[in-house]
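Subject: Structure handover

Hello,

The sequence and the structure are below. Please open them next to this email and follow along as you read.

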Amino acid sequence: RNNYLFWAIADCRKLFTPVRPHATNHTKIAPDIAEVTALLSRAPKGTLLILDIETRIQDNCLDAIGLGFILPTATFTYSVPIYTHLNRLAYGRLKIVQFWRALYTFLLRPDITVIGHNLFFDLSILFHYYALPFPATIHDTMLFMHRDNANIDKSLSHAISFYTDAADNHKGDLCPNVSRDNYDKLLVYNAKDIYWTGEVYRRQIEKNKENPKLLAANEIGQRTGRLCLLMSFTGIEVDTIGLLREQAALTIKLSQLQ
């Protein structure tokens, strides 16, 4: 509510802006995991992949991993369940292992870009609990929109409202994976997250092309964000001897000033 002026201006502008078409959405809920594994294994150079995970708050257990492949006029979305509402693997162990290996190998490739909203959270969970690597090139749509406009709220719900021409907003549909009905709804929710993150990304890239300064700020932000992500797990190397020497020098300087 304290941001009403920003949204009053943003929404009024949309009233006078023609609605633009969105990319075609091809969605598969709980797909054949072998198909997704094959797509990751043979993904062409320059692949743009949208990533979004659904986790349980109490233990960071993975309910689902959403993957979206961006093509020029379409997005192919896969909501891949990991654990069902009964706390059982959604697929056989061998198929999960093959999928995991393909995803791991894919994330190591230097020629792909991984896209997501608040992506650093997802990557942190996947690295810390599930040993997946950080991709070389990242586009966090939340990071971008704070460089686009410092006053915008941070959620994907607000990003969808600000950048896209979505007829409705699905972000109120999140539910815990505690029943069969909720399990099905959660997978649909995850698939929608993937698709609309992709649409936000498309609109942000359009802005990048129109504004060289925004492009530069975004690229610096994404690279710096990845470094911060690495440092949060690996720490910062410290020259202990140099630090002690600096402390001694500053202690003397402080005495002189006093």
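A residue is called buried if its relative accessible area is under 20%, exposed if it is over 50%, and partly exposed in between (1.4 Å probe, protein chains only). By that definition alanine 23 is buried, because its relative accessible area is 11%.

Some ground rules come next. This is a predicted model, in which local features need pLDDT of at least 70 and side-chain atom pairs count only at pLDDT 80 or more, while totals for chains, interfaces and linings use all residues. Residues are numbered from 1 along each chain as its sequence is written, and side-chain values use heavy atoms, with hydrogens and water left out.

Back to alanine 23. Helices (H or I, at least four residues) and strands (E, at least two) are DSSP runs, numbered from the N terminus. Alanine 23 sits in the loop between helix H1 (4-15) and S1. Contact means heavy atoms within 4.5 Å. Leaving out residues up to four places away in sequence, alanine 23 touches Thr73, Ala74, Thr75, Tyr195, Glu199 and Arg202.

The sheet

Two strands pair if DSSP finds at least two bridges between them. Six strands make an open sheet with mixed pairing, in the order S1-S4-S3-S2-S5-S6. Strand S1 (24-29) and S6 are the edge strands, each pairing on one side only. From one strand to the next, the twist averages 20°; for angles, axes are lines fitted to C-alpha atoms (for helices over the stretch in contact), and values run from 0 to 180 degrees between N-to-C directions.

S2 and S3 run antiparallel and are joined by seven bridges. Aspartate 52 has glycine 66, in S3, as its bridge partner. H3 packs on the sheet, where it touches S2, S3, S4 and S5, and its direction makes about 50° with that of S3. Helix H5 (residues 141-148) also packs on the sheet, touching S5 and S6, with a direction at about 60° to that of S6.

Strand S5 (residues 113-116) pairs with strand S6 (residues 137-140) in the parallel sense, over four bridges. Between S5 and S6 the chain passes through H4, and this β-α-β crossover is right-handed. Right-handed here means that, with the strands pointing away from the viewer, the path from the first strand over the helix to the second runs clockwise.

The cores

A nonpolar core is a set of buried Ala, Val, Leu, Ile, Met, Phe, Trp, Tyr and Cys residues joined through side-chain atoms within 4.5 Å. Which members of the largest core touch the most other members? They are Leu40, Leu51, Ile65, Leu67, Val80 and Phe99, out of 34 residues. Among the elements that each supply at least two residues of this core are helix H2 (33-41), strand S3 (62-70) and helix H3 (93-108). H3 gives the largest share, seven residues. Apart from this core lies another, of 15 residues, including Ala10, Met145, Ile160 and Trp196.

Threonine 37 is in helix H2. Threonine 37 counts as buried because its relative accessibility is 11%. Its contacts, not counting residues up to four places away in sequence, are Gln98, Phe99 and Ala102.

The cysteines

A disulfide is a pair of cysteine sulfur atoms within 2.5 Å. How many disulfides does a search of the whole structure find? The search finds zero. For cysteine 175, the nearest cysteine sulfur is that of cysteine 61, 16 Å away. Cysteine 175 is buried at 13% relative accessible area, whereas cysteine 228 is partly exposed at 42%.

Regards
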